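Please open the model in a viewer and keep the selection tool at hand.

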Amino acid sequence: MAFELERLGVHESVEAVFPPAELADFLADLPIEAAVVDDDGIDDCDAVVTLVYREAFLELDWIHSIQAGFDRFPRAVLEDNDVILTNSSGIHDRTVGETVAGYVLMFSRRLHDYVANQQQRRWERPEWDEAVTLPGSTACVVGTGTLGSGVAETLGALGVRVTGVRRSGDPVPGFDEVYANDRLLEVIGDAEFVIVTVPLTDETHHLFDADAFDAMRDDAYFVNVARGSIVDEPALIDALEADELAGAALDVFEEEPLPDSSPLWGMDEVIVSPHAAAYTRDYYRDVGEIVRENVARLETGAEFTNRVV
């Protein structure tokens, strides 16, 4: 790995997450130029930090994705064109973990009901047996990587017993028990909260289908902070409408933004958030530290961290 890095573009697409100028300013002390660029400015760069993919990136030496997921980037095409791709894996553990803890607390303490009631100026307490405390409950986290480990850490601190599902079934710190993928349907059937944190791959596409929802308890809540296409959305809607699940918290969807016509908007026990589970005011700093580290590694000839292609 060797190339001359003189100009790093911060693509305007990152505006969906943080102001691109904030990242450019954060990187201003690097021995290279870091500047905000639009599509027309890509040709003047050697590398780019971006949210989206553009075909013009094939003329660059290095692309850094501000997300951990990289399913939107054509890895085979990048490899054929000798373009390095790095991602932001490792920075979302605490933010996503806290978001999931927020969902779980909303359901257990009925906070979403109170917010809805406030809009109607309605003074209404929950039924005597609706609100619960979390110690003694079980959450099954499907995917034990960075996101899953962050979820396990935050829920574990709230007294939740956390099980995990991964390919090997080998133990992972922070999880009380870990099981192999082939036991998925068995393990999710024992949890009050089922939380999805796996990356989107050919193997995980529609991993949660009608059979998976049928395997879950009818008093269980489903949480997806991974990718929308990991879930068969019509199957999830059917399960919710049939009261085969207690509810769901969904940060990602097969079509984003979620269409106005989706019945998920109107379900009392469904929390919809706009693919923002990892958002934090420090996001640009977290991304910037990975970029800064890789610029230093390029200077010394070391292998890039978080390299995907």
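Begin by selecting helix 3 and helix 4, which are roughly perpendicular to each other. The model is a predicted one. Helix 3 covers residues 93-109 and helix 4 covers residues 111-119. Their packing angle is about 75 degrees, and their axes lie 5 Å apart. An angle from 65 to 115 degrees counts as roughly perpendicular, and therefore this helix pair receives that description.

Next, display the side chains at the contact of these helices. On the helix 3 side, select Leu-105, Met-106, Phe-107 and Arg-109; they meet Leu-111, His-112 and Tyr-114 of helix 4. Coloured by class, the residues of this contact divide into five nonpolar, one polar and one charged.

Keep helix 4 selected and turn to the second largest pocket, to whose lining helix 4 gives the most, with seven residues. The volume of this pocket is about 370 Å³. Which residues lie nearest its centre? They are His-112, Asp-113, Ala-116, Asn-117 and Asp-268, out of 20 lining residues.

Helix 4 and strand 12 are the elements that give two or more residues to the lining of the second largest pocket. By class, that lining comprises nine nonpolar, three polar and eight charged residues.

How many cavities of 30 Å³ or more does a search of the whole structure find? The search finds one. The largest cavity has a volume of about 50 Å³. To locate the largest cavity, select its lining: Asn-224, Gly-228, Val-231, Glu-233, Leu-236, Leu-250, Val-252, Phe-253 and Leu-264. Six of these lining residues are nonpolar, two are polar and one is charged.

The protein contains nine helices and 12 strands. Its radius of gyration is 21 Å, close to the 19 Å that the globule rule gives for 309 residues, so the protein is as compact as a globular protein of that length.

Notes. Residues are numbered from 1 along each chain as its sequence is written. This is a predicted model: local features need pLDDT of at least 70, side-chain atom pairs count only at pLDDT 80 or more; totals for chains, interfaces and linings use all residues. Side-chain values use heavy atoms; hydrogens and water are left out. Axes are lines fitted to C-alpha atoms, for helices over the stretch in contact, and angles run from 0 to 180 degrees between N-to-C directions. Helices (H or I, at least four residues) and strands (E, at least two) are DSSP runs, numbered from the N terminus. Angles under 35 degrees count as roughly parallel, over 145 as roughly antiparallel, 65 to 115 as roughly perpendicular and the rest as oblique. Contact means heavy atoms within 4.5 Å. Ala, Val, Leu, Ile, Met, Phe, Trp, Tyr, Cys and Pro count as nonpolar, Asp, Glu, Lys and Arg as charged, and the others, Gly among them, as polar. On a 1 Å grid over the protein atoms alone, a cavity is a set of points where a 1.4 Å probe fits but cannot get out, and a pocket is an open set with protein on both sides within 12 Å along at least five of seven lines; lining residues have an atom within 4 Å of a point. Grid points are joined across faces, edges and corners, and a volume is the space filled by probe spheres set on the points. The radius of gyration is taken over C-alpha atoms; the globule rule is 2.2 Å times the number of residues to the power 0.38.
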